[in-house]
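Good morning, colleagues. Please bring the model up on your screens, and I shall take you through its packing, its domains and its strands.

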Amino acid sequence: MTKNEFITASEKVLMNTYKRVPVVFVEGKDCTLIDSEGKKYLDMVGGLAASGMGHSPDFLVEAIHKQATQLMHVTNYYWNEPQYDLAKLLVDHSFADKVFFCNSGAEANEAAIKLARIYGYKKFDKPKSEIITVSESFHGRTLGTLSATANENYRVGYKPLPGGFKEVPFNDVKALEEAISENTCAIMFEPLQGEGGLTPATQEFVDKVKELAQKHEILIVLDEIQCGFGRTGTMFAYEQYDLKPDIMSLAKTMAGGFPIGAIVATERVAEAWQPGDHGTTFGGNPLACAAGVATVKEIINRKIPEKAKKDGAYLHEKLQKLMEKYAFVTKIKGKGFMIGLELAFPGNEVVEKAFQKGLVINCTSGNVLRFVPPMVITREEIDEFINILDSVFKEMK
Ligand SMILES: Cc1ncc(COP(=O)(O)O)c(C=O)c1O
């Protein structure tokens with residue numbers, strides 16, 4: 001089959017939910033992807049921030065192989081060792097006391113919403129179930145997480161959605177304060193928005209969240225699915241805000257590209273859940289957790305958060321120079337290895353031209369080029385990335 005025949009055959013059997021680039025990737029190593037025709041690409045998308053330690057790193061291949069030969073799956077009616085090991089790592093390296101595992105980001109946020117609500121339900125005699133979310137957020141594609149995702153574009157055609165969410169403009173402290181009611185059980189946001197265009201929470205907003213949370217007994221729910229595990233320069237982005245959340249959702253980089261999700265929470269909140277209150281067949285499966293243990297250990301041992309901070313600053317500096325050179329680059333957004341370039345026009349043409357030159361990037365919010373590379377990216381690769389992007393920008397009118 002030629003590449004085009006393969007794509008036509010795939011279109012026949014796969015639902016049309018993605019606008020895909022006409023390429024078939026067959027191999028990956030570190031920051032390099034190779035397509036079915038042998039062409040190499042520098043990958044600045046990193047499986048949408050999931051392949052955080054690069055493609056098929058040896059440590060992960062070995063861990064998955066070892067666990068696959070030993071025990072792939074048992075249900076959560078029984079204990080398993082990798083699940084404990086990963087939970088212990090997460091507890092030891094975050095604010096949290098307890099962990100619940102699932103299989104994806106959306107599922108983690110579903111769990112976060114359910115835990116926040118059952119906490120409100122069990123703790124207070126009055127109804128306390130409403131969750132405040134912020135504009136341009138992205139929390140997933142299930143019906144519940146679409147309700148939390150304050151972006152109408154993702155919701156068209158799916159209504160009615162589950163209720164009980166109230167949106168406020170991101171970083172608007174006045175709107176946040178006004179939105180609080182007797183019924184508010186949680187405030188949920190990404191410390192650094194991914195899909196929403198790489199906008200960080202301001203310190204002022206976080207301070208107001210903390211103040212209101214304390215005053216009204218409201219839980220703070222953070223979604224660190226995209227920005228967690230070192231990407232912003234600290235293990236978790238909340239560490240940069242003097243903030244201790246109650247619940248945090250995780251996924252993506254946690255198992256280096258192997259599907260996994262989790263929520264972590266304080267003991268006080270986690271104890272709202274008792275046997276039977278929530279569950280999943282695959283969540284916490286030994287194979288996924290073994291991949292997670294290997295990945296999180298590698299992130300810690302190789303000091304990836306520090307690397308993201310240092311090399312992210314290097315990348316930022318280089319992008320700054322490009323911004324000075326091209327007037328249509330209007331803003332640099334984000335931090336560490338979660339960086340965006342805002343353009344004065346839609347970014348699709350830049351993405352397509354870059355692809356032709358062997359550079360994989362993507363665009364979010366219409367005009368923000370997003371760079372979330374595998375965090376093992378070298379300085380030489382950063383230089384190569386900048387050179388290609390420069391040559392693409394030169395061709396833009
Ligand atoms: C911040 C954030 N939350 C939730 C999700 C949903 O994760 P998943 O696609 O694994 O369901 C994403 C995915 O991009 C995300 O970036």
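Predicted model: local features only at pLDDT ≥ 70, side-chain atom pairs only at ≥ 80, totals over all residues.

Helix 4 (residues 81-92) packs against helix 10 (residues 286-301) at an angle of about 35°, and their axes are 8 Å apart. Helices here are DSSP runs of H or I with at least four residues, strands are runs of E with at least two, and both are numbered from the N terminus. Axes are lines fitted to C-alpha atoms, for helices over the stretch in contact, and angles run from 0 to 180 degrees between N-to-C directions. The crossing of helix 4 and helix 10 is left-handed, a term used if the near helix is turned anticlockwise from the far one by less than a right angle.

On the side of helix 4, the contact is made by Pro82, Gln83, Asp85, Leu86 and Leu89; helix 10 contributes residues including Pro286, Cys289, Val293 and Lys297. Two residues are in contact if their C-beta atoms, placed from the backbone, lie within 7 Å. By class, this contact has eight nonpolar, two polar and two charged residues. Ala, Val, Leu, Ile, Met, Phe, Trp, Tyr, Cys and Pro count as nonpolar, Asp, Glu, Lys and Arg as charged, and the others, Gly among them, as polar.

Residues are numbered from 1 along each chain as its sequence is written.

Let me turn to the domains. The domain assignment, whose bounds come from an automatic or database source, gives domain 1 (3-56 + 304-395) and domain 2 (71-301). Their C-alpha centres lie 27 Å apart. At the interface, 24 residues of domain 1 are in contact with 23 residues of domain 2. Which element supplies the largest share of the side of domain 1 that touches domain 2? That element is helix 11, with five residues. By class, this side of domain 1 has eleven nonpolar, nine polar and four charged residues.

An open sheet is formed by four strands in the order 11-12-15-14, with antiparallel pairing; two strands pair if DSSP finds at least two bridges between them. Strand 11 and strand 14 (362-364) are the edge strands, each pairing on one side only. On average, neighbouring strands of this sheet are turned by 30° against each other, direction ignored. Strand 11 and strand 12 are joined by six bridges, and Val329 has Leu343 of strand 12 as its bridge partner. Helix 11 packs on the sheet, where it touches strand 11 and strand 12, and its direction makes about 175° with that of strand 11.

Elsewhere, strand 2 (residues 32-35) and strand 3 (residues 40-43) form an antiparallel pair over three bridges. They make a hairpin with four residues between them, and Gly38 in the turn has a positive phi of about 85°. Strand 3 also runs parallel to strand 13 (residues 359-360), joined to it by two bridges.

Is Glu107 buried or exposed? Glu107 is buried, because 25 other C-beta atoms lie within 10 Å, and the cut-off for buried is 20 or more. Beyond its neighbours within four places in sequence, Glu107 is in contact with Cys102 and Gly261.

Definitions and conventions:
Buried ≥ 20, exposed ≤ 12 C-beta atoms within 10 Å, placed from the backbone.
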